[in-house]
Amino acid sequence: MNRRDALKRMGTLIAGAAIATTPLAAKVVTPKPARIKRLVFFFSATGNSLYVARQLGGDKAELRSISQEIHNENPVYEAEEIGFVCPVYCFIPPAIVQDFIARSTFKADYFFTVGTYGAHSTIFPEFVDKFAKEHGVQMNNISTIQMVDTYLPYFDAEKEKADPKNQRVPERIAAVLASINSRENYIQAVTQEDRMICEGYYRHSGRDRQRPTVTRSEKIVFSTDACVGCGVCTSVCPHGSWKVVDEKGVPEGDCENCLACVHNCPQKAISIIPTPPEPEEPNRNARYRNPNVKLGDLIKANSQN
């Protein structure tokens, strides 16, 4: 081999070695997906909590329905911030929300909960704080927002819609959002009066203090002769406890007492069976759905079909 060929061969070897050590030839490492900025779980029967969840989420958050996620076989969730939005039932979170938190694993730098209520929220912040800790979640922020009260045995939905308190909702949402965005550590205070109201209610009603609204749907609601068998009730029930038989809605199964079926029936053909000591509905023609939420949104969130 002459000198020229030797130099040529040496150059080829050096070039090959250089190429092998450049980033282009290095093993390709797939970057880990970015963490979700804000993950908001919601439960909603009439749209109030879904509306609030949307406002707190904004454009960058991911919203997930608890009615759907409760069936997740691998309930492990991770985000920079994780929040929960739900109505206040008998001053505590609905049973389905409690069950979802209890069976899931959450990883985040910041946790928050917002409860939507009509008349009183009383012990809700304390209950959520304690319940979350018992299941491995340290809440950083717990707030409530007063909106239309949708519990028909006690409240006339038409009067509720006209109540001046509704004008304060946007301001209250903005205040809660600002607190969360700044990652403020804030647990809404519970007063002695709040505790007295709560204690009086449970003593008077005799309800279970952990799962006060869970019962059988056939003992709570029924379809009237106005029912046309459209099937909306089968789609908005978070437990899938309605079916259409002979062109008429028939309830049978677990009930959250959320009244999604009652409020969202297009014919107003579902009524409530009084559960003593609760009274009958003050206005059977009064129904409610948050004006910013469509029926299809609630069907998508709650349907078990």
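In this predicted model, H2, strand E5 (110-117) and helix H8 (192-205) each supply at least two residues of the lining of the largest pocket. That pocket holds about 800 Å³ of space. The chain has 305 residues, of which 48% are buried, and its secondary structure comprises 11 helices and 13 strands.

**Confidence and overall build**

- The average pLDDT of the chain is 91, and 89% of the residues reach at least 70.
- Residues 10-25 have a pLDDT below 50, and this stretch makes two contacts in the model beyond near neighbours in sequence.
- Where pLDDT is low, the predicted coordinates should not be read in detail.
- Of the contacts in the chain with a separation of 6 or more, 78% are between residues 24 or more positions apart.

**The largest pocket**

- The lining of the largest pocket consists of 42 residues, and those nearest its centre are Val 88, Tyr 89, Cys 90, Asp 149 and Tyr 151.
- Helix H8 contributes five residues to this lining, the most of any element.
- By class, the lining of the largest pocket has 21 nonpolar, 16 polar and five charged residues.

**The second largest pocket**

- The volume of the second largest pocket is about 190 Å³.
- Its lining is made up of Phe 42, Leu 50, Arg 54, Leu 63, Arg 64, Ser 65, Gln 68, Asp 297, Lys 300 and Ala 301.
- H2, E2 and H11 are the elements that give two or more residues to the lining of the second largest pocket.
- Four residues of this lining are nonpolar, two are polar and four are charged.

**Cavities**

- Rolling a probe the size of a water molecule over the atoms shows where empty space is left.
- The model has three cavities of 30 Å³ or more.
- The largest cavity has a volume of about 110 Å³.
- Among the 14 residues that line the largest cavity, Cys 237, Trp 242, Cys 255, Cys 258 and Cys 261 lie nearest its centre.
- Strand E12 (254-255) and helix H10 (260-264) each provide at least two residues of the largest cavity's lining.
- The lining of the largest cavity contains nine nonpolar, three polar and two charged residues.

**Helix H11 and Asn 302**

- Helix H11 spans residues 295-302, and its buried residues are Leu 298, Ala 301 and Asn 302.
- Viewed down the axis of H11, these buried residues fall within an arc of 80°, so they line one face of the helix.
- The cover over the buried residues of H11 includes strand E1 (36-42), helix H2 (48-57), strand E2 (62-65), helix H3 (66-69), helix H9 (232-236) and H10.
- Ala 301 is one of the buried residues of H11, and Ala 301 also lines the second largest pocket.
- Asn 302, in helix H11, has a relative accessible area of 1% and is therefore buried, the cut-off being under 20%.
- Apart from neighbours within four places in sequence, Asn 302 is in contact with Ser 44, Ala 45, Ser 65, Ser 67, Gln 68, Ser 235, Val 236, Cys 237 and Pro 238.
- One of these contacts, Cys 237, is among the residues nearest the centre of the largest cavity.
- Two others, Ser 65 and Gln 68, belong to the lining of the second largest pocket.

**Gly 83 in strand E3**

- Strand E3 covers residues 76-87 and contains Gly 83.
- Gly 83 counts as buried because its relative accessibility is 0%.
- Leaving out residues up to four places away in sequence, Gly 83 touches Leu 39, Val 40, Phe 41 and Phe 112.

Methods:
Residues numbered from 1 in each chain as written. Predicted model: local features only at pLDDT ≥ 70, side-chain atom pairs only at ≥ 80, totals over all residues. Heavy atoms only, no water. Helix = DSSP H or I, 4+ residues; strand = E, 2+ residues; numbered from the N terminus. Buried < 20%, exposed > 50% of the residue type's maximum accessible area, 1.4 Å probe, protein only. Contact = heavy atoms within 4.5 Å. 1 Å grid on protein atoms, 1.4 Å probe; cavity = no way out; pocket = protein on both sides within 12 Å on 5 of 7 lines; lining within 4 Å. Points joined across faces, edges and corners; volume = space filled by probe spheres on them. Nonpolar A, V, L, I, M, F, W, Y, C, P; charged D, E, K, R; others polar. pLDDT = per-residue confidence, 0-100. Arc of directions from axis to C-beta.
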